[in-house]
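Try each task before you read its solution.

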Amino acid sequence: MKLKKIILISVFLLLAIPHLAIASEEKQSIPDFVTKSLDTLFDSVNDRDSTAMLNLSEDIRFVDDEVSRAEFYEKDMLERSEKIESYTVTSLASKSESEYVITVEILFDTGEKVSVPFGLKIKEGVWKVVMGYDIQNPESDQSLSDASPFESLSPAASTQLCNWNFWDRNYSTTFYSSCSFDVNTSSKYLYLNLQQYQSDNYTNNNFSITYAVVQEGWFGDTVWGSTTVSGSKTSATGANLYGNSTTFNGAKIRFTISGVHGETYDGFGEVYQS
């Protein structure tokens, strides 16, 4: 990609010794395998080549679920028209000779600029770009832990933003609501009204689902806030979800199930704001 401009601000070398990690900073150029890996991945995105994107990367949002990952990339590529104009590697840290973590500032041809964390690791002798890490909300105006105390919302006294209904979802998977919405709340929290349970055993409590309000992204999701609900909830259950800004547009609910191998899970619910 001729338009890419690559600059390394700093490189952190992590030296692992028993019970202690020492970080030292050193100025140096970016290793060739980093630029080659990013170049080929970003070329596949600009070419809308989802097959190449699958082969060149891994995604922590879709562990052991290549079918969902392929569908996600294909759908996202159809819905988005922007292309990557340039990128800057702003940090690189070596965890080992075969694993790195990097931060890349990406500039799209729309003028949008976003800072994205990636991983790089060797798999079967080939460097893979690891994607799917959460991206900081650029509009964030407070940390989640600083949110003000609040009372739970009553659905009858608030506005429904989105609803969902899923079934037979795998024990370890990530997926998104089909509806999208805009958050606009001075209180910086939303209210979830939900039910969730194992598909064929309503009393099983050996699982949890994390509900996150996010903006979907090719390389990772920008997160407004999240909450985790554990165990079977066979009657309407309320959950409060803190956010980090008063507004957040183009949002979806991201569901991440942590369960038991071989089991599937069902759920439905709505999200409200005051």
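**Exercise 1. Classify F219, then find its ring partner.**

Task: Is F219 buried or exposed? Which residue forms an aromatic pair with F219, and what is the geometry of that pair?

Solution. 
Step 1. The model is predicted, so work with computed values. F219 has a relative accessible area of 3%. Buried means under 20%. F219 is therefore buried, because 3% falls under that cut-off.
Step 2. Now count the ring pairs. The structure holds 20 aromatic pairs. One of them joins F118 and F219. Planes over 60 degrees apart count as edge-to-face.
Step 3. F118 sits in strand β6 (residues 113–123). F219 sits in the loop between β13 (208–215) and β14 (222–230). The two are 101 residues apart, so the pair links distant parts of the chain.
Step 4. Check the partner. F118 is buried as well, with a relative accessible area of 1%.
Step 5. Widen the view. Ring pairs link F118 and F219 into a cluster with F42, Y87, F108 and W218.

**Exercise 2. Read the faces of a strand.**

Task: Which side chains of strand β11 (residues 181–184) are buried? Which residue is the bridge partner of V183 in β16?

Solution. 
Step 1. Follow the side chains along β11: they alternate. F181 and V183 point to one face and are buried.
Step 2. Find the neighbouring strand. β11 pairs with β16 (residues 247–258). The sense is antiparallel, over three bridges.
Step 3. Pick out V183. Its bridge partner in β16 is F248.

**Exercise 3. Inspect a surface patch.**

Task: Which residues make the nonpolar surface patch of about 230 Å²? Where does I60 lie?

Solution. 
Step 1. The patch is made by I60, V63 and Y133.
Step 2. I60 lies in the loop between β3 (57–59) and α3 (66–79).
Step 3. I60 has a relative accessible area of 41%. A patch residue needs over 30%. I60 passes this cut-off because its value is 41%. I60 counts as partly exposed.

**Exercise 4. Describe the whole chain.**

Task: How many helices and strands does the chain have? What share of its residues is buried?

Solution. 
Step 1. The chain has three helices and 17 strands.
Step 2. It has 274 residues, and 48% of them count as buried.
Step 3. The chain exposes about 13,900 Å², with 48% of that area supplied by carbon and sulfur atoms.

Note on methods:
Residues numbered from 1 in each chain as written. Predicted model: local features only at pLDDT ≥ 70, side-chain atom pairs only at ≥ 80, totals over all residues. Heavy atoms only, no water. Helix = DSSP H or I, 4+ residues; strand = E, 2+ residues; numbered from the N terminus. Buried < 20%, exposed > 50% of the residue type's maximum accessible area, 1.4 Å probe, protein only. Areas by Shrake-Rupley, 256 points an atom, 1.4 Å probe, with all protein chains shown as cover. Patch = residues over 30% accessible without salt bridge, like charges linked within 9 Å, V, L, I, M, F, W, Y side chains within 5 Å. Salt bridge = Lys/Arg side-chain N within 4 Å of Asp/Glu carboxyl O. Pairing = 2+ DSSP bridges. Phe/Tyr/Trp six-rings, centres within 6.5 Å; stacked < 30°, edge-to-face > 60°.
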